[in-house]
Amino acid sequence: MTAVQARGLTKRFGGLTAVDGIDLDIPEGVCYGLLGPNGAGKTTTIRMIQAVSPPSDGRLTVLGLDAATDGRTLRGRVGVVPQEDNLDPDFTVRDNLRIYARFYNVPGDQADARADELLTFLNLEEKRDARIDELSGGMKRRLVVARSLMNDPKMLILDEPTTGLDPQARHALWDTIRRLRRQGKTILLTTHYMDEAEMLCDELVVIDRGRILEHGDPRGLIAKHCGSEALEFVTDEDTQKMDAIVAALDGVPHERLPDRVVAYGSGLEGLQHRIRDAHDVDESVLRRATLEDVFLRLTGRALRD
Amino acid sequence: MTDATAAGVRAMVGRNFEVYKKTWKVNALPPLAEPFLYLIAMGYGLGALIEEVQGIPYIRFIAPAIVAITMMQTAFMETTYSSYVRMYFQKTWDAVMATPLTPTDILWGEVLWAAFRATINAALMSLVVAAFGLLSYPTAFLIPVLAFAIGMMFAGIGLYVSSRVRVIDQFSYAFFLFITPQFLFSGTFFPLEQLPDAARAVAVALPLTHAVQLVRGAALGDWPDIAPWSVVYVAVAAYVVPALAVRTMRRRIVH
């Protein structure tokens with residue numbers, strides 16, 4: 001079964017095309033990453049998948065339901081953790097969950113039980129009667145996750161869930177996401193952190209300017225675009241030395257940055273020694289190639305604001 | 001009410017009512033305290049100089065107007081400042097839109113809640129007015145019904161204004177251009193007949209004028225000639241204005 005199937009999915013805002021005819025096939029039960037620079041169309045895509053934003057064009061099926069016509073049912077089966085915390089400041093922690101359950105037509109006593117269960121699951125029991133403004137950023141995120149689970153969704157959509165969290169809170173949230181995946185939920189995740197995507201995602205797409213640039217599993221994408229290793233020569237803006245290194249690389253895939261040259265491939269250690277000795281490079285690093293390397297190769301290094 | 005459901009609208013009204021209940025003491029105080037101030041200051045103070053208006057004591061003339069003004073202010077305040085805060089600052093609507101509720105459920109929920117709140121406030125205020133012995137029965141029992149319809153009308157206007165403003169400060173215009181003139185010139189503190197013809201023609205078009213005529217009729221048990229027209233005005237506006245406002249606001253929030 002596919003959890004999400006999109007064909008030619010398009011979203012236009014006036015003259016701007018935010019999502020430009022993308023195809024998606026997200027299998028059930030996987031953690032699926034949606035990566036891309038700011039303004040790539042990630043959130044717009046997610047808003048269409050959760051059936052709050054009507055597509056301008058294309059077909060979109062989520063959990064077997066047509067997003068255009070079955071929005072109400074679809075939203076009842078999906079949980080959403082939005083980018084911006086939108087907890088209800090008028091209610092306590094526990095009441096945020098209880099009141100939210102009403103929107104899913106969950107009966108009162110069932111909602112109470114579910115709220116308590118989720119507060120335990122997310123380590124928030126001690127804060128059950130606290131006001132929202134008494135919570136730390138990490139607790140707020142956990143509460144939003146708890147809220148997104150009130151309807152026991154088949155699929156969970158997380159839009160940049162760990163942005164702004166400290167390392168402890170990030171790791172706690174990663175654990176939660178992995179546990180939910182093990183429970184069989186489909187997870188759709190956007191993130192700017194490539195280590196996070198590499199660690200959590202079974203599959204992912206990289207989108208930019210509303211189009212899909214690449215899709216696959218993290219290890220496969222790294223192997224395809226970078227090989228297994230990245231070799232960095234630090235040149236401190238010495239352009240002559242850079243030219244020499246690039247020449248010596250002799251066709252090995254590489255990137256030129258202002259202060260360094262990065263080569264990608266496998267078994268680069270011999271090359272590292274040769275170039276370091278021949279061109280008097282003080283600093284060179286041979287490291288594992290990461291998803292971040294892939295991402296930057298695909299989307300470039302120009303700033304996006 | 002296309003793509004709204006009773007359960008959805010009820011859930012949204014319920015959410016707002018829960019917030020109201022949490023701070024009910026603060027919320028119930030103004031409608032209980034305000035009529036004292038008005039009735040003492042204007043009823044006894046000013047009324048001592050005026051004695052009778054249209055054959056009734058001044059205090060009896062203004063008491064129903066104060067109740068009608070409260071219906072207007074409560075409902076309008078709720079779908080302007082309060083709804084806007086929920087929409088724009090608290091992102092409450094965004095959170096609810098991720099659930100099965102549709103934007104139409106949410107918006108009708110906001111309008112109905114505003115009308116309920118106007119009804120609560122008008123009923124509380126009526127208790128004080130009744131304690132002063134200023135109501136006639138059984139017609140006075142129509143006041144809550146009128147409050148709901150009048151609340152719907154002003155909630156609709158408020159929501160329409162909210163769908164148009166870009167920053168929250170712009171609501172001040174609506175209050176000083178729309179609410180304050182009605183407060184003063186809708187047959188509230190002096191009869192419409194005192195106005196010059198041209199001004200009276202404008203006043204008769206204003207929603208509060210009809211609200212005041214009907215509430216005063218119910219409070220005194222004596223309906224003015226214009227009452228049937230006021231019933232039609234309020235009944236039509238109670239549905240048409242919110243329906244229009246829900247449509248324009250929906251366009252703003254669905255994108």
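A patch, as the word is used here, is made of residues with over 30% relative accessible area and no salt bridge, with nonpolar side chains joined within 5 Å. In this predicted model, chain B carries such a nonpolar surface patch of about 440 Å², made by Phe36(B), Leu37(B), Ile40(B) and Tyr44(B). Ile40(B) belongs to helix H2 of chain B, which covers residues 24-50. Its relative accessible area is 48%, so Ile40(B) counts as partly exposed and passes the 30% cut-off for a patch. An α-helix has 3.6 residues a turn, so residues three or four places apart point the same way.

Helix H9 of chain B, residues 207-220, gives another picture. H9(B) is mostly covered, with 14 of its 14 residues buried. From its first C-alpha to its last, this 14-residue helix reaches 20 Å, close to the 20 Å expected at 1.5 Å a residue. Gly221(B) follows H9(B) and has a positive phi, near 70 degrees.

The largest pocket has a volume of about 710 Å³. Its lining consists of 27 residues, and those nearest its centre are Arg47(A), Glu84(A), Lys91(B), Asp94(B) and His255(B). From chain A, helix H1 (42-49), strand S6 (78-81) and strand S7 (155-159) each supply at least two residues of the lining. From chain B, helix H3 (58-89), helix H4 (92-97) and helix H10 (227-253) each do likewise. The largest share, 4 residues, comes from H4(B).

Key. Residues numbered from 1 in each chain as written. Chains lettered and ligands numbered in written order. Predicted model: local features only at pLDDT ≥ 70, side-chain atom pairs only at ≥ 80, totals over all residues. Heavy atoms only, no water. Expected span 1.5 Å × (residues − 1). Buried < 20%, exposed > 50% of the residue type's maximum accessible area, 1.4 Å probe, protein only. Patch = residues over 30% accessible without salt bridge, like charges linked within 9 Å, V, L, I, M, F, W, Y side chains within 5 Å. Areas by Shrake-Rupley, 256 points an atom, 1.4 Å probe, with all protein chains shown as cover. Salt bridge = Lys/Arg side-chain N within 4 Å of Asp/Glu carboxyl O. 1 Å grid on protein atoms, 1.4 Å probe; cavity = no way out; pocket = protein on both sides within 12 Å on 5 of 7 lines; lining within 4 Å. Points joined across faces, edges and corners; volume = space filled by probe spheres on them.
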